[in-house]
Amino acid sequence: MHFSNSYTSLDDFFYERTRPTPVHDPHIFLWNASLAEQLMIPNELKHDPNALAQAFSGNYIMPGSEPIATVYAGHQFGSFVPQLGDGRAHLLGEVLDQSGEGWDIQLKGSGRTSFSRGGDGRCALGPAVREFIMSEAMKFLGVPTTRCLAVVTTGETVFRETPLPGAVVTRVASSHLRIGTFQFFASRGDHQALETLCHYAMGRHYPELQEEGENQYVSFLSKVMERQIQLVVEWMRVGFIHGVMNTDNTTISGETIDYGPCAMMGIYDPRTVYSSIDTMGRYAFGNQPGILHWNLIRFAECLLPLIDADGEKAVHQVEPVLAAFSDRFEKEYMKMMGRKLGLASLKKGDRELIDSVLKQLKDGRLDYTVTFNLLTESLKSEAAASQVKKSLGDVFDLWQERLRDQEAVLQEVQELMWQSNPVVIPRNHHVEKVIQASLETGTATSAEKFLRVLRSPYEELAQTSDYQDPPSDGDSDYKTFCGT
Ligand code: AMP
Ligand code: MG
């Protein structure tokens, strides 16, 4: 693999040079062959399972890689932690893919670093499998996300509440820059470092801004805001609950990162929350847009000193950007919901229609994915139409009336709804079952079977129906954990 290490060209206070701690007996558990293809992993490595296990456990440092742990800070559940950093991850470097795009290659669970605090630097197999499955599902759902190239078992035990098999995940991301990375330097008043970081981040993600003069940092804020809006709107489309939207888990690239306590919403209810530590419901499904806004304000605060030395003038410049958030989000959200209902463009009154559909879903405790699938089916099936009419009542008739009202032909409506409404999502009870099977059998057979279906989420394959059933108890007792 041809590594470059652009982050190590920054000053050494952006990271610590540190090597993964070797593991006892590494074996490849999950391997992402198509991603490996995209990243042009050399054949001699790809076809040698032992070499792969050595390289992606951190036992063998590939030529050209300069492993580092990056430093960052972050607001966790609203409280500022001035120093976090990669406490169990090693950035190996970047590689270019087939189309010349650059990707960070990071090992997670690869041992302690100086940012580990009390932690052991390790990762258990269960959360590693979860990250692989969830990120792969998101990728094929069409949601921007970091990905997993490999899960390697370590042959070692990690101790959480109980002893668990250990694993190392290889994460692939367009970068690991987070709002928290900026907060680390901003909170120390290190404007020089902040400026360096901004230029580095713009160079990687928003090169078009390099040309801009004075308002560069304001534009930077806008761009990050737009990407994050697109991201969270996509989460809302498929029913994804991130679960830990701390500022250190909010990327500058607009990719989903950190699959610790995430879950999928079954029954539609904006208050849905599954994370065991989120007792206040801060990161509930329907709070995600508001939290994103909050996180972006934290990001804007970091940029103020670069925008203008006069604090008041700087605030004056970012205010219009942040003030536009709610309208921007609403617009994109409504556009997305309209598409879920087969409306290519919105007109007056559609907002009310969308609200009524969602209210009916919530009041009737209806499954989000199942109901939108039935609506899609209802375009061509009488049986589906009468089934969904039973649960949506008058709202169903209103929707049909609205469809008749638009120019689009039936085929276009169908197309739009197929593209917007997955037939299968990684439902919590299936994810848990597959993780359990992975741990019990020590093989990835059931994970691979699940992944085959999740990689075609808009298509009914022979095996799809095995995974479409909503949880029998509506996930009422379901809890997720950070997995640390
Ligand atoms: P996360 O909840 O994964 O976003 O992690 C929050 C912070 O805790 C990051 O700085 C992680 O590197 C650190 N962390 C989480 N688990 C461990 C662990 N087992 N050992 C060391 N650091 C950890
Ligand atoms: Mg994190």
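Visitor: Which elements do the buried residues of helix 17 pack against?

Guide: The buried residues of helix 17 pack against strand 2 (27–31), helix 4 (125–141) and helix 16 (428–441). Helices (H or I, at least four residues) and strands (E, at least two) are DSSP runs, numbered from the N terminus, and contact means heavy atoms within 4.5 Å. This is a predicted model, in which local features need pLDDT of at least 70 and side-chain atom pairs count only at pLDDT 80 or more, while totals for chains, interfaces and linings use all residues. Residues are numbered from 1 along each chain as its sequence is written, chains are lettered from A and ligands numbered from 1 in the order in which they are written, and side-chain values use heavy atoms, with hydrogens and water left out.

Visitor: What makes the buried residues of helix 17 line one face of the helix?

Guide: Those buried residues are A447, F450, L451, V453 and L454. Seen down the axis of helix 17, they fall within an arc of 160° (taken from the directions from the helix axis to the C-beta atoms), so they line one face. On the other side of helix 17, T445 and R452 are exposed.

Visitor: Why does N249 count as buried?

Guide: Buried means under 20% relative accessible area, exposed over 50%, and partly exposed in between (1.4 Å probe, protein chains only). N249 has 8% relative accessibility, and therefore counts as buried. N249 (OD1) and D258 (OD) coordinate the magnesium ion (ligand 2), at 2.3 Å; donors are N, O and S atoms within 2.8 Å of the metal (3.2 Å for Na, K and Ca), and water is not among the atoms, so sites may look incomplete.

Visitor: Why does E401 count as partly exposed?

Guide: E401, which lies in helix 14, has 47% relative accessibility and therefore counts as partly exposed.

Visitor: Why are helix 6 and helix 8 called roughly perpendicular?

Guide: The axes of helix 6 (residues 191–205) and helix 8 (residues 288–307) come within 10 Å and cross at roughly 105°. Axes are lines fitted to C-alpha atoms, for helices over the stretch in contact, and angles run from 0 to 180 degrees between N-to-C directions. Angles under 35 degrees count as roughly parallel, over 145 as roughly antiparallel, 65 to 115 as roughly perpendicular and the rest as oblique. Helix 6 and helix 8 are therefore roughly perpendicular to each other. H191, L194, E195 and C198 of helix 6 make the contact with C302, L303, P305 and L306 of helix 8.
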